[in-house]
Amino acid sequence: MPLIDTVTPEKASGKVAAVYSDISKVFGCVPNAMQMFSASPPQLDHQWETMGYYLKHPALSFPLLAAIRMLVSQENDCHYCIGMNGALLIHMGQWTPEQVTATKQDAKAAPLPAKEKALLAFVLKTVAERKPVTRAEIEQLKKLGWSEADVFDAVAHGARNVAVDIIFNTFQIENDF
């Protein structure tokens, strides 16, 4: 049980119930990750909108985004997110458990196209170093076919995941996968 009160799907009403209904349609249930945000219904709504944006992203693939979350969470020691995103990669991204393990050990081992590996490495660098990058680094990603909006979205995704890791670690989310 987390350290703060959250709303279970059975007790949800109003806007929380509506968001939970949408979440259930996508995931088949309401993961504890989303229930954690019910402590602040506007934050739940915002988190779900953001997730919806990334679930439908025109350029950033599901496996790339899940790998970003898993590896950023590994740096932040958020066991919930490491495990959940590993499970998502296996069940929805069609990765093998061995591929997930290898990726956790070395991001270069991720079974992603070279273009996505380059963006993954860039995001991991920005999140770890939290320092400015060079124009040349962005240009290199653009040469691989990424737009500046794609690069921005990928870095924003990694940065947001840091915040989620802090929230989950702070309030002691329970594993449910």
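Buried means under 20% relative accessible area, exposed means over 50%, and partly exposed lies in between (1.4 Å probe, protein chains only). The model is predicted, so local features need pLDDT of at least 70 and side-chain atom pairs count only at pLDDT 80 or more, while totals for chains, interfaces and linings use all residues. Residues are numbered from 1 along each chain as its sequence is written, and side-chain values use heavy atoms, with hydrogens and water left out.

Start with the charged pairs. A salt bridge here is a side-chain nitrogen of Lys or Arg within 4 Å of a carboxyl oxygen of Asp or Glu. The whole structure holds 6 salt bridges.

Go to Glu-148. Its salt bridge with Arg-135 brings the closest N and O atoms to 2.5 Å. This pair links distant parts of the chain, 13 residues apart: Glu-148 belongs to helix H9 (residues 148–171), Arg-135 to helix H8 (residues 135–143). Helices (H or I, at least four residues) are DSSP runs, numbered from the N terminus. Glu-148 is partly exposed, at 40% relative accessible area. Arg-135 is partly exposed too, at 44%.

Glu-148 has another partner. Its side chain meets that of Lys-142 in a salt bridge, 3.0 Å from N to O. Lys-142 is partly exposed, with 32% relative accessibility.

Now follow Lys-142 to Glu-139. Their side chains form a salt bridge at 3.6 Å, N to O. The two sit 3 residues apart in helix H8, so about one helical turn separates them. Glu-139 is partly exposed, with a relative accessible area of 29%.

Arg-135, Glu-139, Lys-142 and Glu-148 are linked in a network of salt bridges.
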